[in-house]
Amino acid sequence: MNRSNFVCDNKHILIGLSDGSLYIISWKGEFGGAFSLDMRLKDSTGANKLSNHFGNGLTTRGIQGHDGSNHMNHVVSQNTEVVHLEFSIAFRLLFVLYSDGELIQCSVSKRGLKYTESIIVERRLGSGEVVCTSIAPEQQILAVGTHKGAVELYDLADSASLIRSVALHDWGYSVEDTGPVSSIAWTPDNSAFAVGWKLRGLTVWSVSGCRLMSTIRQIGLSSVSSPVVKPNQDFKYEPMMGGTSLMHWDEHGYRLYAIEEGSSERIIAFSFGKCCLNRGVSGTTYVRQVIYGEDRLLVVQSEDTDELKILHLNLPVSYILQNWPVLHVAASKDGMYLAVAGLHGLILYDIRLKRWRVFGDVTQEQQIQCRGLLWLGKIVVVCNYVESSNTYELLFYPRYHLDQSSLLCRKPLLTKPMVMDVYQDYLLVTYRPFDVHIYHVKLVGELSPSTTPDIQLSTVRELSIMTAKSHPAAIHFIPDQLPQDDMLRSDISTSSDLLTREPSRCLILRMNGDLSLLDLDDGRERELTHSVELFWVTCGQSGEKTSLIEEVSWLDYGHRGMQVWYPSPGADPFKQEEFLQLDPELEFDREVYPLGLLPNAGVVVGVSQRMSFSACTEFPCFEPTPQAQTILHCLLRHLLQRDKREEALRLAHISAEKPHFSHCLEWLLFTVFDAEISRQSSSKKQGARSNQTASLLEKSCDLIRNFPEYYDVVVSVARKTDGRHWADLFSAAGRPTELFDECCQQRWYRTAACYILVIAKLEGPAVSQNCALRLLQATLDESLYELAGELVRFLLRSGREYEPSSTESERDSPRFLGYFIFPSSFRKQTQDARSSSFKEPSGHVASVKSILENHASYLMSGKELSNLVAFVKGTQFDLVEYLQRERYGSARLENFASGLEMIGQKLHMGTLQSRLDAEFLLAHMCSVKFKEWIVVLATLLRRSEVLYDLFRHDVRLWAAYSLTIQEHEAFVEFHDLLAELEAKLSSTTNAEGT
């Protein structure tokens with residue numbers, strides 16, 4: 001007879017059998033025997049509940065359920081076997097999984113599993129397609145794997161309600177590709193879970209649904225490695241390609257061990273790192289993002305730039321060999337120091353000096369068993385477990401010296417702490433079930449190696465909170481946010497006690513994801529939101545004036561994405577309904593897990609998983625890659641919504657030098673404008689609401705107008721929106737022609753060019769063509785030839801679209817288009833073509849033609865040949881036809897010697913680009929047989945074959961050329977070329993004479 005796994009309480013073990021029955025055994029070895037599960041009528045209310053409970057009878061073999069239609073439907077047949085059991089001791093819930101996919105939830109009495117008659121059926125979970133289950137006791141979540149390849153998460157604290165489902169469907173993989181779920185494994189701290197599939201792949205998800213890692217390659221469904229393609233030799237670099245059989249995490253959650261289907265002879269190990277977050281008895285700053293592995297640290301290097309890098313920091317070998325693995329990591333408030341604790345002891349790292357500090361006495365190091373780390377300014381606080389007395393204590397060490405002689409204070413604790421936090425001089429310690437102790441830390445003496453400072457702790461508050469809610473996972477002080485006037489006064493008076501007064505509120509994140517606000521004065525707890533995984537308190541945390549997030553109370557992250565919480569303008573700054581929470585722009589990619597903030601840059605830093613492949617390894621390398629997402633536009637919009645224009649302007653000025661500033665302004669204007677478009681389309685009758693939105697649009701434009709990026713931001717937003725709504729945008733931003741004129745005056749020609757289409761749409765084609773002609777002349781004067789080419793093409797296109805044609809224009813059109821658009825090889829073809837599509841307005845064409853010809857003449861007269869080549873290539877100007885007409889005009893060379901010397905100086909023949917330009921000109925001169933230019937350019941390029949072909953048919957030209965080269969000292973460098981030509985010509989003359 002087959003057996004399932006077993007579950008147990010402190011006295012008995014329960015095992016499922018293949019005949020559908022359960023077997024009870026005591027830990028003393030007493031066999032209670034097998035018992036079948038019968039259905040008995042319990043309650044007829046609740047459509048989701050089964051109407052009967054399991055008893056201890058032996059007569060009935062099936063389980064039936066009530067479907068709410070006054071008839072019974074079959075749930076479990078008599079041939080089904082129990083394949084898996086899950087038991088939650090905290091909630092006394094038993095889950096029984098049968099081989100036909102049915103999952104039954106049962107309640108167990110307080111007396112335990114022994115009393116089988118008290119096992120009551122409560123409901124059926126899933127849709128009858130369950131294949132595996134796993135409980136996270138800390139998170140109080142049941143994960144259910146299904147035949148469809150999805151994993152459903154149920155909240156055990158909320159009557160096993162469905163939280164969410166995760167699957168690879170959004171990444172292009174269906175159940176046909178991966179097969180059903182084969183196994184689920186929670187990390188030891190229940191913060192993430194691994195999912196393996198029967199046919200292919202393994203993935204790790206966070207509780208909020210962020211995909212942290214996946215072995216399945218994401219190349220696209222149309223590639224050779226798409227899911228529909230059967231495995232072949234090309235897939236040797238993808239682990240778990242044949243499916244996942246079993247998975248298990250190690251004790252500390254650093255390694256995931258997996259066995260591939262059909263390959264039981266080997267075990268594959270995946271190494272993981274943990275995010276350094278504020279949870280439990282360890283606290284760290286959000287300005288330093290750290291991932292720690294079992295023997296190393298990965299530190300995000302930012303330097304307030306768009307480019308984020310990860311620094312791999314190896315721990316000292318002498319420490320990690322004795323104290324493997326890393327258990328706790330905390331960063332100081334300024335992010336410049338890291339405290340790291342392994343199995344024993346403690347080490348510190350100075351990021352600026354790149355130096356480690358360790359205990360000099362190994363005996364002292366081994367006496368410390370760290371259970372948590374905090375930074376109190378320049379002091380590191382260690383929660384130490386004393387094994388000999390089974391007690392806990394707090395140790396205070398200065399960051400400049402780790403030694404018993406430098407210990408500042410030793411504070412015994414009542415019992416094992418549950419959560420700790422620190423703010424300025426205040427330390428919070430929480431014990432189970434929910435006892436809060438707050439201490440004031442006073443430093444006596446100067447904290448330096450030359451003195452003997454001391455720390456005095458005094459209890460300032462003790463609370464004992466009675467609650468049935470789940471235990472806290474993290475608690476942080478909420479500093480009292482002062483009015484702006486008080487903040488200004490406190491900046492002047494350093495003796496003000498307002499900035500150092502004891503916080504009266506704290507934020508609580510519970511294990512089940514509930515976020516609440518606790519008033520420490522009266523003990524009241526106010527629920528704020530749920531399904532939260534992380535949060536960062538930002539108000540009052542940054543001592544620098546350049547912080548961009550002081551207006552934010554805190555941020556949280558969960559399955560809904562990132563939420564920004566702002567203080568209410570009312571009397572109660574934490575009134576829940578006054579908070580503005582969700583921002584659609586803050587929804588992180590579901591592969592980016594947030595680590596912390598850069599307050600001086602106004603960005604959220606996250607990490608995503610990438611795979612790289614190497615021919616020298618069998619498996620790919622999984623590389624954590626940092627990502628950044630700005631929140632400045634959300635902060636500015638929030639301030640403008642509350643009519644805090646001065647604060648918004650000050651915040652924008654602080655961040656004006658940041659690399660992402662222009663992007664933030666664009667996002668601000670785009671989101672505000674897009675919101676107005678959406679509201680107008682949803683209801684045009686709500687005039688007052690629309691006016692309010694328009695006012696916000698005007699406020700945004702007024703704010704951005706204070707910065708030079710304004711003109712580029714406005715036109716960029718216009719290009720991203722439908723042209724039908726441009727009138728609304730520019731009614732707030734200003735007339736397009738006025739913005740265009742300002743751009744031209746500031747010589748921002750590329751931005752000005754973007755306004756041409758807007759002007760054509762809002763003010764007519766004639767105005768846009770006039771602006772384009774003005775801009776064309778300006779870009780030619782600035783040698784912006786690529787932009788000039790785009791303007792020429794726009795003018796030709798707009799001439800065809802907007803202006804009528806005439807008989808004269810029909811006669812001139814082919815020649816005009818051949819002159820500017822087509823190469824000379826196509827000129828004859830275009831002249832022969834007489835199609836209505838080539839009709840151009842004569843006045844419009846003449847203006848463009850005159851501008852280009854005048855510029856070509858200017859360049860040719862000044863012998864600015866490199867600019868001439870760029871001009872021809874950028875505007876597609878027909879140089880051949882121009883040279884034919886200007887042979888005796890601007891293109892004429894008066895004197896060979898002076899021309900050769902001047903052109904040699906202009907072209908700088910020592911550079912590759914100049915030689916390419918000369919080759920380009922030489923080809924065009926040869927096509928029109930312009931001898932003067934051919935001789936000069938061929939000489940500079942040392943193209944003896946071209947000169948030889950020219951001189952052998954013109955002896956007089958050769959004689960003049962030879963004499964000029966010999967008489968001028970400046971042409972000494974060409975004597976070797978002259979000798980070569982003379983030899984070739986002499987040999988040719990001798991051959992012809994014979």
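Pro 325 is found in the loop between helix 2 and strand 28 (328-331), where helices (H or I, at least four residues) and strands (E, at least two) are DSSP runs numbered from the N terminus. A cis peptide bond with an omega of about 0° joins Trp 324 to Pro 325. The model is predicted, so that local features need pLDDT of at least 70 and side-chain atom pairs count only at pLDDT 80 or more, while totals for chains, interfaces and linings use all residues. Residues are numbered from 1 along each chain as its sequence is written, and side-chain values use heavy atoms, with hydrogens and water left out.

Helix 2 itself covers residues 317-323 and holds Gln 322. Gln 322 counts as exposed because its relative accessibility is 56%; here buried means under 20% relative accessible area, exposed over 50%, and partly exposed in between, with a 1.4 Å probe and protein chains only. Between Gln 322 and Gly 345 there are 23 residues of separation in sequence and 9.8 Å in space, taken from C-alpha to C-alpha.

Among the contacts in the protein chain with a separation of 6 or more, 53% come from residues 24 or more positions apart, a contact being heavy atoms within 4.5 Å.

Arg 432 and Pro 433 are joined by a cis peptide bond with omega about 0°, and Pro 433 is found in the loop between strand 37 and strand 38 (435-444). These strands belong to an open sheet of four strands in the order 36-37-38-39, with antiparallel pairing, where two strands pair if DSSP finds at least two bridges between them. Strand 36 (417-423) and strand 39 (454-464) are the edge strands, each pairing on one side only. Neighbouring strands of this sheet are turned by 20° against each other on average, direction ignored; the axes are lines fitted to C-alpha atoms, for helices over the stretch in contact, and angles run from 0 to 180 degrees between N-to-C directions. Six bridges pair strand 36 with strand 37 (residues 426-431) in the antiparallel sense, and Met 420 stands opposite Val 429 in strand 37.

Another antiparallel pair is formed by strand 32 and strand 33 (residues 379-386), which six bridges join. Leu 374 stands opposite Val 381 in strand 33, and in the hairpin of the two strands, which has two residues between them, Gly 377 takes a positive phi near 65°. Because six of the seven residues of strand 32 (residues 370-376) are buried, this strand is largely enclosed by the rest of the structure.

Ala 160, with a phi near 55°, lies in the loop between strand 15 (151-155) and strand 16 (161-166), and counts as buried at 4% relative accessibility. Lys 929, with a positive phi of about 55°, lies in the loop between helix 21 (912-928) and helix 22, and counts as exposed at 66% relative accessibility.

Helix 22 (residues 931-941) is largely enclosed by the rest of the structure, because nine of its eleven residues are buried; among them are Trp 933, Ile 934 and Leu 941. Just after helix 22, Arg 942 takes a positive phi of about 60°. Helix 23 (residues 944-951) is likewise largely enclosed, since six of its eight residues are buried, including Tyr 948 and Phe 951.

Glu 666, in helix 7 (residues 661-682), is buried, with a relative accessible area of 15%. Its side chain makes a polar contact with the side chain of Lys 720 at 2.5 Å; such a contact is a pair of N or O atoms within 3.5 Å, and within protein one must be able to donate a hydrogen and the other to accept it, while residues adjacent in sequence count only if both atoms are side-chain atoms. Leaving aside neighbours within four places in sequence, Glu 666 is in contact with Val 713, Ser 716, Val 717 and Lys 720.Finally, there are four cavities of 30 Å³ or more; on a 1 Å grid over the protein atoms alone, a cavity is a set of points where a 1.4 Å probe fits but cannot get out, and lining residues have an atom within 4 Å of a point. The second largest cavity has a volume of about 100 Å³, with Leu 277 and Trp 536 among the lining residues closest to its centre.

Note on methods:
1 Å grid on protein atoms, 1.4 Å probe; cavity = no way out; pocket = protein on both sides within 12 Å on 5 of 7 lines; lining within 4 Å. Points joined across faces, edges and corners; volume = space filled by probe spheres on them.
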